[in-house]
Amino acid sequence: MPDKKASIIGATLRRELARMKSRPMYFILTLGIMSFCYIFFISFFSEGQLMKMPVGIIDHDNSKISRQFCRNLDATQQARIVMKLSNFKDARVEMQKGNIYAFVEIEKGFSEKLQSNKRPPITFYINDAFLTAGSLLLKDISAMSLLTSGGVQQKVLRAKGVDESLIPGIVQPISIDSHMIGNPWSNYSDYFLNVFFPGVLEFVILMTTVFVIGIEFKERTSRNWLRTANNSFSRALIGKLLPYTAIFICLGFLSNIILFGYLHFPLNSSLFWMLLATVFYVIACQAVGLLIIGTLPVLRDSVSIVMIYGMFGFTFTGFTFPIEQMAYPVRIFSYIYPIRHYFNIYVNQALHGVDIRYSFGSYVILLAFILLPAIIFFRLKKAAIYQNYPIK
Amino acid sequence: MKITRFPRIKRLKSNIKDTFDIFVNEMKMISHDRGVVVIFILAVLAYPLLYSLVYKNETLANLPVAVVDNSRSHESTELIRHLNATPEVDVFSTYSSLYDAQKAFNQRLVNGVIYIPEDFGKNINTGQKANISVYCDMSSFLYYRTVLQATNHVVLDMGKDIQVKRLGEQGITGESAKIITEPVPYNDVVLYNETAGYASFLVPAVLILILYQTLFFGITILAGTAREENRFHALVSSSVHKGKTLRVVLGKSAAYFIIYLAWSIYVLKVIPQLFSLPHLGDSIDIIGLVVPFLLASIFFAMTISVFLPNRETGMLVFGIFSLILLFLGGVSWPYYNMNGFWKAFGWIFPSTHGIQGYIKINTLGADIQTISKEYHTLWLQALIYLLLCVWAYHWQIKKSLANARVRQMVSHKREIARNESDEQTNTTKNSNAQS
């Protein structure tokens, strides 16, 4: 008897493999999109960190000190002075054009005032419409100006005859050491890629699952599909989806190899836990795909739903804007996304390297997604037999 | 003169009528197709609302942090009190060891740990430099920024008071103390998106993408359906085009353009005001940008749709492009710092220039002259994609005409054959009758 079961699944499997070869769409969906995204995201973020963003300068003083200030600013990690401007209006237009993300205005007589202790101000104008660029530049420019003031302070205090051992305590009474837990280099691509690879995978799995089943309804071949599986719908489903499970688990493993092997992103616990999460994740995504096509066994409608559901997946991962800071009713939606639970495991295991028991709940929820297709099992089976849904 | 002018006007009239017929026909196709209605109407209506709602809270507030107070001094208590008073963070709990705080962090109860070492109070009282450590949750960049911002703020404030006191001990007061505490006062002025809001930063780009992608998917669905329903897998049925490509392209695109011009006002003007996102842009400038943006997007989508065989192909293959186009738009990774190849690749898509142009008008208050680069690029794209679209449709129409001709020939031959066989039977009948 088990032999017979296996051979039925085998027959469905062979049928599916033949279908996969029959048109390019299968190849594009399973391997094409994912390969493109690997190449795109890796090369797009290849710099790792945002550096040398364009900054403008309005130097009304044009003295030795102000020029020194510009050179110092240019030498910082994030800023590069790309243009000298003559007035505020021009600078603002350049900012509106997107040619500079910040500019600095040094007033006339700056160095004279500084030397005669008249506290001349320096003004920084930042554009936070491009938030990442703006906040990084602000951080860099503030740090530099603190350093500049620090130098002047030391000089003055020494001149006043203050004891050398007391100077640091006066210049900076309290200092801060900041530590980034698990991600010491503040590498930008680390953030993005660890979410985008699984995120794109989720999207592709949903589309593929909906497509491979939906196309049977659209082309009215679902009875043939059932017949191949000897009219056992569960075996028909297993035989159909198994090849994709295998392909996507391989792609998921490849993501992990790229992230933690090739790109050397921090992995603070065993790779095993990430691979296990990947396996659960792939199956959970397929289950959601089945739920969608089972609820609406019409290819074109299901594809639209995947589109809407899938795009919000990136939002509800909670890595850009944290979930618990979103408005309350919206927050609930994060639970219906496998990627949210995968992301929790990633944060706990790879980033924070905490004990596995903290992630236990997320693994269980991922596994629980497998129960979802039970809701639509008979509905989908009926649709396969009676073909009672419109093809358009 | 009259004689030569008259037929020209007549021809022009009939051309306009043809174009109008195609326009009406396309409007019918749109309204009768459930899938397209969902995309063209429902998605454009709901998506901007959903995105704005999700990101309604622009910045993080009351972020829970753990404090490890090993100093247990008057000064450390003051630091904690100040920290708790910031809008950004809330002190979740005070722990006696880093180990305990780490446990709370591992359970994800707190998003940061602030460690005050034993010598903190002593250092402040003896005129030494004191130090604290901040450990930040890096699972989101916003955690890091918010926790650090709050502690920086508190530490700078406390530091100023200590500075004044210490200078006083050295006999330096008044103006000269001021000179030492802040020899170069620096003002940072955030010109646009002053609150550093996340929605103000992301949603404008998403709004443009919603217009762009729904337009793209709607057009590919319509083209795929036309192809599926046509007997010869041709994009345009011969009853519609009558062999005239330009009329087909203009008639169809006019239908999309009119629908989306109306939507643009809702998406790009009403939504930002409704959710108090930045809306510095002048309506005329926005419309000035939207016209070439929509034309370029429509012709681009129509060109691509020629190569997509089925109704769902567009969404299956290009669904994930929504995300990629967001990055190519140069918002989260600044356009200036983008890798040269991807910059060039991004240039192809009207959405890139649409996003840049719209943010500059809407968020930075630029006018159409200031964004002339985006404006002219979009017009250039509109022209290029119109030409490509006409060429692609022409190719399709020729194909369908050829198919029709083949069909005609086949049926004609059949008819001849039938007639011949009829004649034969007739002759045989006749001969039979004769015999």
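What share of the contacts in chain A with a separation of 6 or more comes from residues 24 or more positions apart? The figure is 77%. The model behind these views is a predicted one.

**Figure 1. Chain A as a whole.**
Chain A holds 16 helices and five strands. Its C-alpha atoms fill a box of roughly 95 × 45 × 40 Å along the principal axes. The radius of gyration of chain A is 29 Å, while a compact globule of 392 residues would have one near 21 Å. Of those 392 residues, 46% are buried.

**Figure 2. Chain B and its two domains.**
Chain B also comes to 16 helices and five strands. Domain 1 of chain B is made of residues 12-54 + 197-404, and domain 2 covers 63-181. The centres of these two domains, taken over C-alpha atoms, are 52 Å apart. A box of roughly 140 × 60 × 35 Å along the principal axes is filled by the C-alpha atoms of chain B. Buried residues account for 46% of the 435 in chain B. Among contacts in chain B between residues at least 6 apart in sequence, 78% link residues at least 24 apart.

Five strands form an open sheet with mixed pairing, in the order β2(A)-β1(A)-β3(A)-β4(A)-β5(B). Which strands stand at the edges? They are β2 (79-84) of chain A and β5 (186-192) of chain B. Each has a single partner strand, so one side of each lacks a neighbour in the sheet. From one strand to the next, the twist averages 25°.

**Figure 3. Where the chains join in this sheet.**
Strand β4 (residues 122-127) of chain A pairs with β5(B) in the parallel sense, over six bridges. A:Tyr125 has B:Val189 in β5(B) as its bridge partner. Helix α3 (residues 64-75) of chain A packs on the sheet. This helix touches β1 (53-59), β2 and β3 (102-106) of chain A, and its direction makes about 135° with that of β2(A). Helix α6 (residues 131-159) of chain A packs on the sheet as well. Its contacts take in β1, β2, β3 and β4 of chain A, together with β5 of chain B. The direction of α6(A) makes about 165° with that of β4(A).

Strand β5 (residues 174-180) of chain A runs parallel to strand β4 (residues 130-136) of chain B. Seven bridges join the two. A:Asp177 stands opposite B:Ser133 in β4(B).

**Figure 4. The contact between the chains.**
Chain A puts 92 residues into the contact, and chain B puts in 87 residues. On the side of chain A that touches chain B, α6(A) gives the most, with 13 residues. The residues on that side of chain A divide into 57 nonpolar, 28 polar and seven charged.

**Figure 5. Around B:Ala101.**
B:Ala101 lies in helix α4 (residues 98-106) of chain B. Is B:Ala101 buried or exposed? It is buried, because 25 other C-beta atoms lie within 10 Å, and 20 or more are enough to count as buried. Beyond neighbours within four places in sequence, B:Ala101 is in contact with B:Ala66, B:Val68, B:Tyr95 and B:Val113. B:Val89 is 12 residues from B:Ala101 in sequence and 16 Å from it in space, C-alpha to C-alpha.

Methods
Residues numbered from 1 in each chain as written. Chains lettered and ligands numbered in written order. Predicted model: local features only at pLDDT ≥ 70, side-chain atom pairs only at ≥ 80, totals over all residues. Pairing = 2+ DSSP bridges. Helix = DSSP H or I, 4+ residues; strand = E, 2+ residues; numbered from the N terminus. Axes fitted to C-alpha atoms, helices over the stretch in contact; angles between N-to-C directions. Contact = placed C-beta atoms within 7 Å. Buried ≥ 20, exposed ≤ 12 C-beta atoms within 10 Å, placed from the backbone. Nonpolar A, V, L, I, M, F, W, Y, C, P; charged D, E, K, R; others polar. Domains from an automatic or database assignment. Rg over C-alpha atoms; globule rule 2.2 N^0.38 Å.
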